[in-house]
Amino acid sequence: MSCPWIESRAKKDEEKTLKYGPMMWELKQRYNGYRVEQYNVIIGVLGGYSKHLENKMKEKIRKEYNRRVRLILRTELNGRNKIEAISSLAVPVPVVQYSFGIIAWKISELKKIDTKTRKLLNMHKMLHPKADVERLYIPRKDGGRGLIDVETAFKTATIGLDHYLKHKEGQYLKQVLDHERSKAKNSISKNATKFKIEVTMPEIENREDKSASENAKALKHEFKSKMKSMKEEKWKNKALHGQYPKILEKPHLDTVTTNKWLSSNLKGETEGLLVAAQNQAINTRNYQKVICGQQVESKCRMCSQHEETVDHIVSGCEVLAKTEYISRHNNAAAYLHWSICKDHDIEITDKWYEHEPETVMHNKDSNITIMWGMPVNTDRTITANRPDIIVKDSVNSTCKLIDMTVPSDRNIALKETEKKSKYKDLDLEIQRLWHIKNRSDPCGCWCAW
């Protein structure tokens with residue numbers, strides 16, 4: 001049994017291949033090193049399109065997308081720039097998004113592309129295997145990593161295209177809209193309605209003073225905000241990964257400053273490890289026992305007293321406090337000293353890790369004095385008389401006392417109060433002895449985990 005349409009189509013395909021064979025050969029000779037391929041688009045008399053060709057184009061798009069992602073991940077870019085490069089070069093414009101509205105993508109197919117992206121990030125150590133998925137697609141200013149997922153890009157483009165077709169006047173656009181509405185499935189209009197219902201998005205009024213493109217852009221922006229809110233809510237509701245975003249909501253925390261490190265120039269591997277630590281996804285003994293259900297001893301392998309969690313390793317282990325914590329404190333304080341000297345035009349090294357703080361340093365005009373680990377002599381006995389850094393401004397008669405601490409995120413408010421209380425007496429003595437007009441400012445510096 002045979003199908004005349006399939007036989008006719010195969011015959012036409014063979015005719016086209018033979019017809020343009022010499023031209024293909026000439027192009028290959030002329031452009032040596034370039035890949036030259038031929039695609040025969042054959043439309044049926046019933047107005048259909050080739051499903052085989054569509055599947056072939058999907059596969060071609062997937063391969064090109066994965067190729068670009070691999071090339072980006074092999075570069076020497078930092079973590080933030082790699083994510084931005086993937087979002088700008090692989091997702092929105094050149095590869096996938098141009099096919100939205102033309103090729104009938106299924107959501108399951110787009111999810112597989114996103115899954116493949118995460119696998120590639122994991123292979124290049126930019127994403128921990130147990131790291132939170134939602135956080136990867138949340139903007140960096142909100143604590144995420146800013147990657148654009150193909151699924152959200154497709155839904156956003158579909159909603160914008162549907163709005164544009166409905167409100168843009170034009171004979172051909174009306175024909176396109178009628179054709180889309182007549183489809184039984186994979187219709188732009190039906191998909192757009194379904195996507196809006198998923199995020200409980202109300203119908204936005206079409207403004208007459210704006211063009212159809214501007215209204216569609218506003219609608220897409222609103223949909224992106226809804227999708228972002230859904231991802232953030234899903235992230236917070238997780239028992240393990242949701243601990244960090246819940247802590248960020250505390251009133252004493254500055255979210256903007258806390259998330260600023262995500263906009264720095266860290267390597268992708270370092271950024272991925274830090275995010276995994278914040279997600280409590282590091283393979284500690286407590287994680288192995290409580291989360292993975294393994295029969296292991298959950299106490300810290302260094303002090304053997306407390307549960308071995310990420311918080312304990314970072315800031316609660318008595319054994320590490322004698323060595324690693326002191327080294328971390330000194331390095332952080334040295335970087336702060338280097339930054340202060342740089343702001344006041346004091347001659348220093350180009351790289352902060354080569355900087356060796358001197359006990360007393362002055363700027364060119366000698367009106368700024370920076371003291372490092374220097375005790376302050378006072379008339380009465382004060383125990384806490386040696387902050388990490390003292391910055392004295394003779395011109396403005398001000399003085400800042402800076403003492404570094406790196407507590408757990410749960411102890412930030414406590415440590416801030418402790419530091420200000422600790423140097424209260426020294427603050428009063430400095431005002432009296434140094435004739436400081438303005439009140440000295442004891443500053444606590446901390447890092448949230």
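Predicted model: local features only at pLDDT ≥ 70, side-chain atom pairs only at ≥ 80, totals over all residues.

Biologist: What does Thr152 touch?

Modeller: Phe223, Met227 and Lys231, if you don't count residues up to four places away in sequence. Contact here means heavy atoms within 4.5 Å.

Biologist: How do you know what span to expect for H7?

Modeller: Take 1.5 Å times one less than the number of residues. H7 covers residues 150–167, which is 18 residues, and the expected figure is 26 Å. From first C-alpha to last, H7 reaches 26 Å, close to that expectation. H7 is also mostly covered, with 14 of its 18 residues buried.

Biologist: What makes H7 and H10 parallel or antiparallel?

Modeller: Their axes come within 9 Å and cross at roughly 150°. Axes are lines fitted to C-alpha atoms, for helices over the stretch in contact, and the angles run from 0 to 180 degrees between N-to-C directions. Under 35 degrees counts as roughly parallel, over 145 as roughly antiparallel, 65 to 115 as roughly perpendicular, and the rest as oblique. H7 and H10 are therefore roughly antiparallel. The residues that meet include Thr152, Ile159 and Tyr164 in H7, and Leu219, Phe223 and Met227 in H10.

Biologist: Is the crossing of H7 and H10 left-handed or right-handed?

Modeller: Right-handed. A crossing is left-handed if the near helix is turned anticlockwise from the far one by less than a right angle, and right-handed if clockwise.

Biologist: What angle do H3 and H5 make?

Modeller: The axes of H3 (residues 51–73) and H5 cross at roughly 20° and come within 10 Å. That makes H3 roughly parallel to H5. H3 passes H5 in a right-handed crossing too. Among the residues that meet are Tyr65, Val69 and Leu73 in H3, and Ile113, Thr117 and Leu120 in H5.

Biologist: Where does His124 lie, and is His124 buried, exposed or partly exposed?

Modeller: His124 is in the loop between H5 (107–123) and H6 (133–136). Its relative accessibility is 24%, so His124 counts as partly exposed. The His124 side chain reaches the backbone oxygen of Leu120 at 3.0 Å. Further along the sequence, His124 touches Leu73, Arg74 and Glu269, not counting residues up to four places away.

Biologist: And Lys125: why is it called buried or exposed?

Modeller: Lys125 has 61% relative accessibility, so it counts as exposed. Lys125 lies in the loop between H5 and H6. Its phi is near 60°, a positive value in a residue other than glycine.

Biologist: What is the phi of His435?

Modeller: About 55°, positive although His435 is not a glycine. His435 is in the loop between H19 (424–433) and strand E5 (441–445). At a relative accessible area of 63%, His435 is exposed.

Biologist: How do you know whether Glu308 is buried or exposed?

Modeller: Its relative accessible area is 3%, so Glu308 is buried. Glu308 is found in the loop between H14 (285–291) and H15 (310–315). Its contacts, leaving aside neighbours within four places in sequence, include Arg285, Lys299, Arg301 and Ile313.

Biologist: What covers the buried residues of H17?

Modeller: The cover includes H15, H16 (318–321) and strands E1, E2, E3 and E4. Among the buried residues of H17 are Tyr325, His337 and Trp338. H17 is followed by Asp345, whose phi is positive, near 60°.

How values were computed. Residues numbered from 1 in each chain as written. Heavy atoms only, no water. Helix = DSSP H or I, 4+ residues; strand = E, 2+ residues; numbered from the N terminus. Buried < 20%, exposed > 50% of the residue type's maximum accessible area, 1.4 Å probe, protein only. Polar contact = N/O pair within 3.5 Å; in protein donor to acceptor, adjacent residues only side chain to side chain.
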